[in-house]
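Open the model in your viewer and keep the selection panel at hand. The stops below go one selection at a time.

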Amino acid sequence: MKIDILTIFPEMFDGFVNSSIIKRAINDNKVQINVHNFRDYSTDPHKCVDDYAFGGGQGMVLMPQPIFDAVEDIKTKDTKVILLTPQGKKYNQKMAYDLAKEKSLMFICGHYEGFDERIRTLADEELSIGDYVLTGGELPSMVITDSVVRLLPGVINEESHKKESFNNDLLDYPVYTRPADFRGLKVPEVLLSGHHANIEKYRREESLKRTKERRPDLLEKS
Ligand code: ADE
């Protein structure tokens, strides 16, 4: 998969692409992540990317020219273009699975007070990562990229995402490691028993109990 990210803060992605599983996925050629500074596409003599809003109002608005030129230069026929905005559809795990099937994704990160409305015409989809307002689309693009890249074949052990939270509309069961007794806090006996059927049953029950307590909305859905 190829992922192109359009931003005016490319340095925000340095840690992201150089750490942990994302770094390994890049090194193993499972994904190619290109971070582009769309300021480089500005035809303004001062490389300006924003201006005041027509009609007045607070703050600066991203101009269409640099973003249109960047998208037209970088996009291929296979690219799905995603605009990050709190006005977008709310992102979830099902969408992560759908995006993981694409060949090429492009994220447009808005910034400042907003972007010129005409930029919306470039996007195949508008996504939000939740009902709160961030300073820009950079963190949302990292959140979505992270959730997609870990689903690409061979990036992590596939067994581990078959069983994880949200896959069956259930939250994960609790897990423990050594020691069996930490400051008097004991690991449930059944997990030490070696009895696989009982362990499975315990985990299923804990998953259900946890979902009922913390996310009853998920149970209603299934
Ligand atoms: N840009 C600012 N806030 C955002 C959010 N919650 N989701 C996506 N893009 C955003």
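Start with Ile3, Tyr91, Leu99, Phe107, Leu127, Ile144 and Val149: in this predicted model, these residues touch the most other members of the largest nonpolar core, which has 28 residues. Next, colour the elements that each give two or more residues to this core: strands E1 (2–7), E5 (79–90) and E6 (104–109), together with helices H1 (14–17), H2 (20–27), H4 (93–99) and H5 (138–149). H5 supplies the largest share, 4 residues.

Leaving aside residues up to four places away in sequence, Val149 touches Ile3, Ile22, Ala25, Val31 and Val155. Then select Val49, Ile74, Leu83 and Leu122, which are among the 17 residues of a second, separate core.

Now show the strands. Which sense does the pairing of E5 and E6 take? The two strands are parallel, paired over 6 bridges. Follow the chain from E5 through H4 to E6, and you trace a right-handed β-α-β crossover.

E5 also pairs with strand E8 (residues 125–128), in the parallel sense and over 5 bridges. Here, select Leu83, a member of the second core; opposite Leu83 stands Glu126 in E8.

Finally, zoom out and colour by domain. Domain 1 covers 2–158, and domain 2 covers 163–221. Taken over C-alpha atoms, the centres of domain 1 and domain 2 are 36 Å apart.

How values were computed:
Residues numbered from 1 in each chain as written. Predicted model: local features only at pLDDT ≥ 70, side-chain atom pairs only at ≥ 80, totals over all residues. Heavy atoms only, no water. Core = buried A, V, L, I, M, F, W, Y, C linked by side-chain atoms within 4.5 Å. Buried < 20%, exposed > 50% of the residue type's maximum accessible area, 1.4 Å probe, protein only. Contact = heavy atoms within 4.5 Å. Domains from an automatic or database assignment. Pairing = 2+ DSSP bridges. Right-handed = clockwise from strand over helix to strand, strands pointing away.
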